[in-house]
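Below, each term is set against its cut-off and a conclusion is drawn. Please look at the structure first.

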Amino acid sequence: MNAFLIILTGSLVAITCGLLGCFLILRKMAMIGDAISHSVLPGIVIAYLVAGSRDSTLMLIAAAITGVFTTFIIEFLNKHGRLQSDASIGVTFTWLFAIGVILISAYAGQVDLDQDCVLYGEIAYVPLDSWITGSGINLGPRALYIIGFVLLLVIFFIVIGYKELFLTTFDPAFASAIGISVTLWHYLLMTMVSITTVASFELVGAILVIAFLIAPAATAYLLTDKFKTMLFLTVIIGVITSFSGYYLAEWINGSISGAMSVISGLLFALAFLFSPKEGIVVKRVKYGFKTN
Amino acid sequence: MESLLEFFSFSDHNVQSVVIGSIWLTASCAIVGTFSFLKKRTLVGDAVAHSVLPGVCLAFILSGSKNPLYLIPGAFLTGWLSLVLIDKIVAHSKIKEDTAIGLILSVFFGLGILALTYIQHTDYANQSGLDHFLFGKAASIVREDLLIFSVIAIILMISVILYFKEFMLISFDEEFAQSIGVPVRRIELLLTTLTVLAVVIGIQAVGVVLMAAMLITPAAAARFWTNDLKILMLLAALFGAFSGISGAYVSYTAPAMPTGPWIVVILSTIAILSFLFAPTKGTLFRLLKQVKIKRKIKDENTLKTMFYMGEELSSFYHPMEVEEMISKRKMQKSSLEKSLLRLKKEGYLEKEKTGWVLTKAGKEKGQRIVKLHRLWEVYLTKYLNIAPDHVHDDAENIEHVITPELEERLEKLLNYPETDPHQSKIPY
């Protein structure tokens, strides 16, 4: 039962992140996703301190605010400070993440988060933290509800805004020509990424969220040219990742989220080598050994 | 205060090691980071930093020791591998660089975490302390570490001094470097190796997660102060060293505080202050300059408007009312009044009971703007063959920018024309 719950939670994280990741990598914003996943930390800690507990709603709101704030600072440094974009990203996320870690150390007594958990989460504890109603009925793991809710939110967002997201991703100039606000959808997407990050944060940690954001989407990208197919493949790859990751961790007795990200990397490597269209081995066999 | 004195008296040998170690680490990272900053590849440094972790863990598993002599080669190996993989992915697939960086970074880090937790769950003696690689522990630098760090830091600095010119060339203009016979690939290889080395020793101070800041932030902060690469590197190294010492001090006084994040926060604060307040390149300075220019343009437009009105009245020293000016040229009343007051202070206007009057200096200044405006219209129609009804807007902008030298050349080139394309007389 525990294994099932962990795999289920892992799959939900992978699917939620992966769906957004498809947009991120096509918009060449993978590293902004990386930055957001680090810089929501101070937001989370402050929400903790204000609420005095793990109030999920407040944390989601705080994360959304910090995430948008991060994007804003990065753009501000880039446009107004004339700092090149890679440096703007690097300066911003390390700064905010460092503040978050310091806050955790300073309020260690009041904040139920530790530095390691920040980095690689504690998905193994998911089944232990159940949501029990006032009348004493056990409804199952709390984290499952949170990530489930966020997944629904993300799916709702993508379904409602599919046309806008699609156009602003592939042809921003055309999108703004027909009256779609590129900036608005940019910030909406960033808000969703922030919310997803914070919901996944406790489970897989700051850095492994990036693995879930990028790896399944990148793998799917190598397997297809159609965007909708890419989204579906991402979901499937996410589930496979979660499933095999769990058993890999079980086998060598290590971190589950670490194992899941290793699997996601392996799947990418497979696609990179053997994808029917893009795989380098396949290309060599097809076109001979001279081409790249 | 007492602890500050105690800290800087270096009476404690450990403190000595920590301070010297932190300076070495942060300064050498800052220097090498300057080049990745210039090459706009700083995030690659972030990927290397994360990818170091599995190497450290594997080296530990294989050697069973935490001696940096074993861990550093391990770290170097996976750090290097990550760079190669990023380049391969970008070169051989449609995956873009940012995606490749994020992918390699997180997957390698995941592998590191897996290995780290594996070590923690298994009975390895003396494994505690490996997790210092996550957040750094400058405060735990001891004599033996110091020796190794110093050697690496010195190698880094000597290489940078020896190959300064080549590094500079490939950072700014790779093609040019190639064309004058610099062995670009080999130099690039050397620079990459140095970056990986810097990362490998830098993570001892701030840990893998914040390592990127050590490479990027000092250079980014220094960039606001200078255009000279040598000064830039020196400043970056100074900023790095300063935050290194401060971080070591914090973790000396409050051992529970993580050193790395403090170093980074101090560095970032320096960067933010530079970003806001640095002369000429700082945001505040540039904003002020913009405000000044906007005011200058407004004032010139006010004088120009009054000159036009004077032309219509054939008397330039006639009192004019604010409303009249607004009906002549669309302006906001409050901003016009402020402009009038400024011009009065500068001696271009005087206020009389029935309105504002141009002084002689004011009339001349207004006249010059009108002259430039009309000359430019002539120039555009005559030399660029632009229709006379299309030249006004352009002249409206350029009239504020033309310098006296350009003005003279324009007059000579056009040979002092009498009228502009709209048959208005050009006032000389």
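Q: What makes a residue of chain B count as buried, and what share of the 428 residues does so?
A: Buried means under 20% relative accessible area, exposed means over 50%, and partly exposed lies in between, with a 1.4 Å probe and protein chains only. In chain B, 54% of the 428 residues count as buried. This is a predicted model, in which local features need pLDDT of at least 70, side-chain atom pairs count only at pLDDT 80 or more, and totals for chains, interfaces and linings use all residues. Residues are numbered from 1 along each chain as its sequence is written, chains are lettered from A and ligands numbered from 1 in the order in which they are written, and side-chain values use heavy atoms, without hydrogens and water.

Q: Why is H5(B) called largely enclosed?
A: Of the 25 residues of H5(B), 20 are buried, so the helix is largely enclosed by the rest of the structure.

Q: How do you know that the span of helix H5 of chain B agrees with its number of residues?
A: The expected span is 1.5 Å times one less than the number of residues. For the 25 residues of H5 (residues 97-121) of chain B this gives 36 Å, and the end C-alpha atoms are 36 Å apart, so the two agree. Helices here are DSSP runs of H or I with at least four residues, strands are runs of E with at least two, and both are numbered from the N terminus.

Q: What makes H4(A) mostly covered?
A: In H4(A), 19 of the 22 residues are buried. Helix H4 (residues 85-106) of chain A reaches 32 Å from its first C-alpha to its last, close to the 32 Å expected.

Q: Why is A:Lys28 called exposed?
A: Its relative accessible area is 52%, and the cut-off for exposed is over 50%, so A:Lys28 is exposed. A:Lys28 sits in the loop between helix H1 (2-26) and helix H2 (30-51) of chain A. Its phi is near 55 degrees, a positive value in a residue other than glycine.

Q: Why is B:Asn415 called exposed?
A: B:Asn415 has a relative accessible area of 59%, so B:Asn415 passes the same test of over 50%. B:Asn415 lies in the segment after helix H19 (404-414) of chain B, and has a positive phi of about 60 degrees although it is not a glycine.
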